[in-house]
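Please read the following walk through the structure with the model open beside the text. It takes one chain at a time.

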Amino acid sequence: MQPRLIRLLIASRFSRPLIGVMIFVLVYSVLMGFFVPPEAVQMGEFWTYYIIGITAFFLILMTMIGGIAIMKSDLDYLFTLPLSRRELAVSFYITQFLATGISYVLLFGYVFIFIQGTSAEKLMLAGDMVLIGLLQTALSIVSFRLETRQKALLAGAMGVYALLPLAGFSYSFTSIFTGHILEGTIVIVILNVIFNYLALTQLSTIELGFTKITSIRSSAEYKTTEKFVGLSQRAAIVRRYLSEISFTGRFNLGGSVSVRVSRIRLRTLLIPVAAIAVVYGYFALIFNPADGSPGVAVVLSMMYLGIFIPMFFPEVFSHERAWLAFSSMTAKNYWTYIVYAKVIQTFAMMLPFIGVNIVLAIIGVSGAVNAIIYLGMVLPTSPLISLYFSGKYSPAQVIDMETLPAEFSLRQLATLVPVIFFTAAAIVSMFSIILALVCGAFFITIALAILMGNKRWNRIVYRLTEKGFV
Amino acid sequence: MVLVEEETLSGTHTNCISVNDVTKSYGKNPALSGLSFSIPCGEKYSLIGPNGAGKSTTLKLLVGLLVPDRGSVSIDGIDPTTKRAKKLIGYLPEDASPYNTLSVRENLEYIGAIREVQNLRERVDQLIYEMGLSEYEKSKVSKLSRGNRQKLAVALSVIHEPDILLLDEPLNYLDIPTQEKTISIFDRLNATVLVSTHIMSIAERLTHGAIVISRGRTIWDGTMEQLKQLGDPTEAIEKIVMRLMTGAAPTH
């Protein structure tokens, strides 16, 4: 029964083309790890900071926005079948790994380029990376039962623990990247035993407690509410969308299995963003090459902002309600006002980074001026371009936030197309200030062209409706 | 029979709802195949048909969320995608889901603001009271029961006191007292009403006319009384409708 159940769960959650792409990326990653020489990727000692930082990031992400890859049909039909709890738990765990943990294993190639050591050490490290993927999977399951503060505490603890090897501590799971493979492996195994035991226990009782878990995860009422009385159409829409941040990685290859929406006041959001900007400034100062070329910290930070900022916007569509929004206003006006709000939100989120880069530019850090142009001109266009792409190519409406709204499909990767554009723009912008300005002008022109098209927005509404949006 | 009439009731148009020879497909799957009907202003009609007949698609076309592949639809003589038409229409889809990320009051205030409702605070207070949602004002919609979500959806569809109501299974999930309140709220609006349903008892309670469609075409229209007269006096109206849909001969 077990293999058939696993096949059923995988088939109901992942489209075949997506599984094909995942296998391709995995093989590519492995080949890259073995055949690309370290000198071909000029990161020097920064790679250690990079891999530890990215490991911490993934663990924090999965702990904060993870969930259980469960569908409404599982609750209605699968749980009523005479299946053993153990079979269900193991099957769910494997599909959960494909949805969340595998994203870390896909980093395999990037790590192996830089690993210097014996064959045995390399083999041990490969196993460790799979184990970190399993840990990531377990954390996404375990955190599902926790309240937001508990999640933040666990995520923060894991993040700090992951970063400790940078201060010379050798008994952390990331110390495998600082030459302490044996100590790191022991920690990874211990953490896996603890968190995977908790995860499998939770999965084995999920059918009994799913409704209860989802109801206790957050309070039933908002503590502070927004007032819309007396506001114009534009002011109402802007106020709503300024206070809503949604994030998801439903397209898999490094994402969450359920959709998360948080109502965060902009000024609250600016506090952690400012802290991250200061950390960025510190690394930009340390890794500032003497030859005048942009430092690896500046380039990578801009690239990652180019990857993550556009990911905040596609899900705006998922939470819209066509029957309310587009039966009240014309599509173009409604989307224009949402875009206003999201551009303001993005620009505000970029302000701490712009401020830090101004200081860096005054000090004379290479690439800081280019970064200011990228952050001030290119990235603020990302809400519009990302929204347009997701509406046109991969819309999926979220009705119930606790379950998977649809299977993971290759089409959802279309959401990543703008990410490619913005990442490429980050790299191009680093070559010269003129190129940065050209990129800025190009993206603003594209954004305005999209915004102006009346019929374009109407067509998106028709497409959303045909795709089942209500 | 409901006919396209040129006399005026609402000023310049007899018919507040018109569907003329409309064809609509989803990819290769036809949903509507030359559907035509019209509803005079102020009248209340049910759109009756089996699953997959094209009822919901018809309402989405009338509210401007879809456009026909061929043919035309109009609301009080104007294109439903225009701002003017949107002000006239109140729409409630089947299994309506309000904004999950807003509270009950926020949903009503938000939609009220973008619909530019006058005296919005009073209107929101009134609807919250009438629909029995007072204790859930601050509740997250994602935490509401299906019944309370439907109450909110009903309130959202009428917040701007529309002249034309397009309702898709509006009484789903509602308990009997709330059903009665909802019907009285709809009646108070004196709107032109088109209710999509496949439950005849709901059709009879909400409307006095019926348009029966099957496979995307109109197969019969008229008053409920005329519909009943198609069968024996003792015959259940459901059986009469079933015969219409399957093309069987009337009993008399």
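Predicted model: local features only at pLDDT ≥ 70, side-chain atom pairs only at ≥ 80, totals over all residues.

The domain assignment of chain A places domain 1 at residues 1-218 and domain 2 at residues 227-470.

Chain B can be read from its sheet. Three strands of chain B make up an open sheet, with the order β2-β1-β4 and antiparallel pairing. The edges are taken by β2 (29-40) and β4 (70-75) of chain B; each has a single partner strand, so one side of each has no neighbour in the sheet. From one strand to the next, the twist averages 20°.

One pairing can be followed along its residues. Strand β1 of chain B, residues 15-26, pairs with β2(B) in the antiparallel sense over nine bridges. Within these strands, Ser18(B) stands opposite Ser38(B), which belongs to β2(B).

Next comes the helix. Helix α1 of chain B, residues 55-62, lies across β1, β2 and β4 of chain B and runs at about 120° to β1(B). Is this helix mostly buried or exposed? Buried here means under 20% relative accessible area. Seven of the eight residues of α1(B) are buried, so the helix is largely enclosed by the rest of the structure. The buried residues are Lys55(B), Thr57(B), Thr58(B), Leu59(B), Lys60(B), Leu61(B) and Leu62(B). After α1(B) comes Gly64(B), which has a positive phi, near 85°.

How values were computed: Residues numbered from 1 in each chain as written. Chains lettered and ligands numbered in written order. Heavy atoms only, no water. Pairing = 2+ DSSP bridges. Helix = DSSP H or I, 4+ residues; strand = E, 2+ residues; numbered from the N terminus. Axes fitted to C-alpha atoms, helices over the stretch in contact; angles between N-to-C directions. Contact = heavy atoms within 4.5 Å. Domains from an automatic or database assignment. Buried < 20%, exposed > 50% of the residue type's maximum accessible area, 1.4 Å probe, protein only.
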